[in-house]
Amino acid sequence: MGSGWHEWPLVIFTVFGQCVAGALIVSGFAWFKEKDEAIKLRIVRSMFFLWVVMAIGFLASVLHLGSPLRAFNSLNRVGASALSNEIAAGSVFFAVGGFWWLVSVIGKMPAALGKIWMIVSQVLGIVFGWAMTRVYQIDTVPTWYTGYTTLAFFLTLVLGGPLFAALLLRVAGASFKGTRTAALSALALLISVAVIVLQSNDLATIHSSVQQASALLPDYGSLQIWRLVLVAAGLGCWLCPLIRRQEPKTLGLCAGVVLVVLGELIGRGLFYGLHMTTGVAIAG
């Protein structure tokens, strides 16, 4: 397939999961800093959408496996299998974070315990992101068996997560502009450009006796440009108001989230399109 979209369940699962993990980290810090209890409660309520998106991601992953029963079977080798570790890490993140949200939204979570629980949930989000990257570190797939895979997955977390959090905090009425956080996302975009350039050069050196990595996706360059344009436009919906010292609007942030997610979905589709299984690979 020309863009890797044939693996759309995995595309959705990984991108959505990474965006949720990043958004929970950022919105969690804003929740920590907020002093107004009414606004804190609205922040918690707005986090409902994190778990909706996470549920959609898991539903997509189950569709990839074919049936819910296979999803349970994939947990049989936790500790020995990267795939089992990924599903276990994601499930624990979903369960712990979702339970924190449920208990907090009904007002039954003690303040001190709630803070500790949030920190644990944030850490689990990072662990989940790391577990995702390990699934694709396969030495017989030279186009994935590289540090670019790990870096790209975490860049999605930094590109989509903070913007998603900014939207939720805006909906909650929290006083969060996130200038430094937006700057971090902009830096992640620049790093993404560098990764694309460096990885493109590496693809030209990877081949087997019958296949050239650079020939796997004829439209790789043009699709990456579309991806970067979408992500840059999405971040611009957040950055431009901040540069003008204005509060970002809800509609603008919503549009920004959609654009960034679309861009990262394209990028992740390209990643799966670069799958190249070979017993004998030559790099360099």
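Is Glu 247 buried, partly exposed or exposed, and what is its relative accessibility? At 27%, Glu 247 counts as partly exposed (buried is under 20% relative accessible area, exposed over 50%, partly exposed in between, with a 1.4 Å probe and protein chains only).

This is a predicted model, in which local features need pLDDT of at least 70 and side-chain atom pairs count only at pLDDT 80 or more, while totals for chains, interfaces and linings use all residues. Residues are numbered from 1 along each chain as its sequence is written, and side-chain values use heavy atoms, with hydrogens and water left out.

**View A. Arg 170 and Glu 247 form a salt bridge.** Their closest N and O atoms are 3.9 Å apart (a salt bridge is a side-chain nitrogen of Lys or Arg within 4 Å of a carboxyl oxygen of Asp or Glu). Arg 170 sits in helix 7 (residues 147-171) and Glu 247 in the loop between helix 9 (220-243) and helix 10 (250-273), so the pair ties together parts 77 residues apart in sequence. Helices are DSSP runs of H or I, at least four residues, numbered from the N terminus. Arg 170 is partly exposed, at 28% relative accessibility.

**View B. Glu 264 meets Arg 227 in a salt bridge.** Here the N to O distance is 3.1 Å. Glu 264 belongs to helix 10 and Arg 227 to helix 9, 37 residues apart. Both Glu 264 and Arg 227 are buried.

**View C. Cys 19 is in no disulfide.** A disulfide is a pair of cysteine sulfur atoms within 2.5 Å, and the structure holds zero of them. For Cys 19, the nearest cysteine sulfur is that of Cys 254, 14 Å away. Cys 19 is buried, with a relative accessible area of 5%.

Methods. Helices (H or I, at least four residues) and strands (E, at least two) are DSSP runs, numbered from the N terminus.
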